[in-house]
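The sequence and model come first.

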Amino acid sequence: MENGPWAWLDGQFVPAEDARISPFDRAFLFGHAAYEVTAMYGGKLVDWPGHGERLVRTLAGIDIPLPMEIGALEALHLDLAARNTMAEGLIYLQVSGGAYGFRDFAGPEQIMPTVFLFATPRPLVGATARDGIAAITLDDTRWKRRDYKTTQLLSQALAYRKARETGAGTAFMVEDGLVTEAASANAWIVGADGRLFTRALSPAILPGITRARALSLLAGEGLSIEERAFSPEDVHAAAEAFTTSAGAIIAPVTALDGISIGNGKPGPVTRTVQRLYYQHMGANLAAVAPWALP
């Protein structure tokens with residue numbers, strides 16, 4: 001997967017291959033940074049207001065000043081996409097605690113953030129959404145403020161590496177016997193009675209923007225939805241499972257630790273969520289996801 005040729009770093013567009021950040025940056029030294037990833041479809045940003053609001057909350061929580069107004073950041077996303085001639089893909093925004101020439105835990109009294117954006121053109125609806133992926137369970141070793149979207153992603157990176165070793169596509173993170181979320185997505189299951197479950201918001205999970213949009217889209221569908229934690233055993237007994245995230249959108253999960261979920265294929269509720277979200281994005285279902293049509 002290749003990134004677009006242009007990036008934006010601290011006030012100017014630069015060739016992505018020439019972008020350079022100081023080794024004294026607090027992101028490199030301490031992991032002191034926030035990020036957002038926003039999907040673009042049909043030349044439009046998907047659910048940008050939610051991403052902007054979450055960025056503001058995360059930056060405030062980790063003591064980094066907002067580098068510019070949210071409206072200016074939105075315009076910058078669109079400008080970067082245009083410069084990369086990208087109509088579909090992902091735009092990453094990284095905001096760090098900046099560099100000041102030496103290593104100090106507390107850092108300067110007034111932080112001057114580093115701001116970096118890059119674009120990754122790619123189809124957003126593909127084989128993963130159509131066929132689903134397998135998952136494994138792993139202990140959740142992340143820090144306790146997972147509701148902040150920071151670049152402290154080592155546990156998630158290792159989870160993906162472990163999943164790949166076993167032939168799976170993701171991992172369900174488990175803490176105190178309950179699933180927190182997937183490696184980089186919110187987790188959902190559909191019970192045998194058709195009820196939907198996803199974990200309630202708390203510092204234990206990221207408040208996913210795709211999760212929030214899916215909940216709003218499902219509000220008028222007559223489905224019973226309960227926000228509560230569930231166990232790996234609940235997943236094994238479920239009729240369906242899926243994840244929500246900006247990168248994979250709605251990804252069916254067809255097996256956990258080698259045990260098929262339901263009939264081992266994406267189910268009707270998952271397809272309903274996909275259909276609603278793809279329509280929200282402005283997708284032509286008949287062209288890109290005929291398997292999601294009712």
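Arg 103 lies over the face of Phe 105, at 4.9 Å from the ring centre. A charge sits over a ring if NZ of Lys or CZ of Arg is within 6 Å of the ring centre and within 35 degrees of the ring normal.

The model is predicted: local features need pLDDT of at least 70, side-chain atom pairs count only at pLDDT 80 or more, and totals for chains, interfaces and linings use all residues. Residues are numbered from 1 along each chain as its sequence is written, and side-chain values use heavy atoms, with hydrogens and water left out.

**Aromatic pairs**

Rings of Phe, Tyr and Trp (its six-membered ring) pair if their centres lie within 6.5 Å; planes under 30 degrees apart count as stacked, over 60 as edge-to-face and the rest as tilted. By this rule there are six aromatic pairs. One of them is stacked: Tyr 92 and Phe 118, 4.9 Å centre to centre, with 5° between the planes. This pair links distant parts of the chain, with Tyr 92 in strand β5 (residues 89–96) and Phe 118 in strand β6 (residues 114–121), 26 residues apart. Tyr 100 and Phe 102 form an edge-to-face pair, because their ring centres are 5.0 Å apart and their planes stand at 80°. Tyr 92, Phe 116 and Phe 118 form one aromatic cluster.

**The sheet**

Helices (H or I, at least four residues) and strands (E, at least two) are DSSP runs, numbered from the N terminus. Two strands pair if DSSP finds at least two bridges between them. An open sheet of six strands has the order β2-β1-β6-β5-β3-β4, with antiparallel pairing. Its edge strands are β2 (12–15) and β4, each pairing on one side only. β5 and β6 run antiparallel and are joined by eight bridges. Within this pairing, Tyr 92 stands opposite Phe 118 in β6.

Which strands does α2 lie across? They are β3 (33–41), β4 and β5, and α2 runs at about 180° to β3. Axes are lines fitted to C-alpha atoms, for helices over the stretch in contact, and angles run from 0 to 180 degrees between N-to-C directions.

Asp 47 is not a glycine, yet has a positive phi of about 55°. It lies in the loop between β4 (44–45) and α2 (48–61). Asp 257 also has a positive phi of about 55° without being a glycine. Its loop runs between β14 (249–256) and β15 (259–260).

His 280 lies in helix α8 (residues 268–281). Its contacts (heavy atoms within 4.5 Å) include Asp 47, along with Val 46, Arg 213 and Leu 217, not counting residues up to four places away in sequence. His 280 and Val 269 are 11 residues apart in sequence and 17 Å apart in space, C-alpha to C-alpha.

**Accessibility**

Buried means under 20% relative accessible area, exposed over 50%, partly exposed in between (1.4 Å probe, protein chains only).

| Residue | Relative accessible area | Class |
|---|---|---|
| Tyr 92 | 22% | partly exposed |
| Phe 118 | 18% | buried |
| Phe 102 | 47% | partly exposed |
| Asp 47 | 9% | buried |
| Asp 257 | 36% | partly exposed |
| His 280 | 32% | partly exposed |
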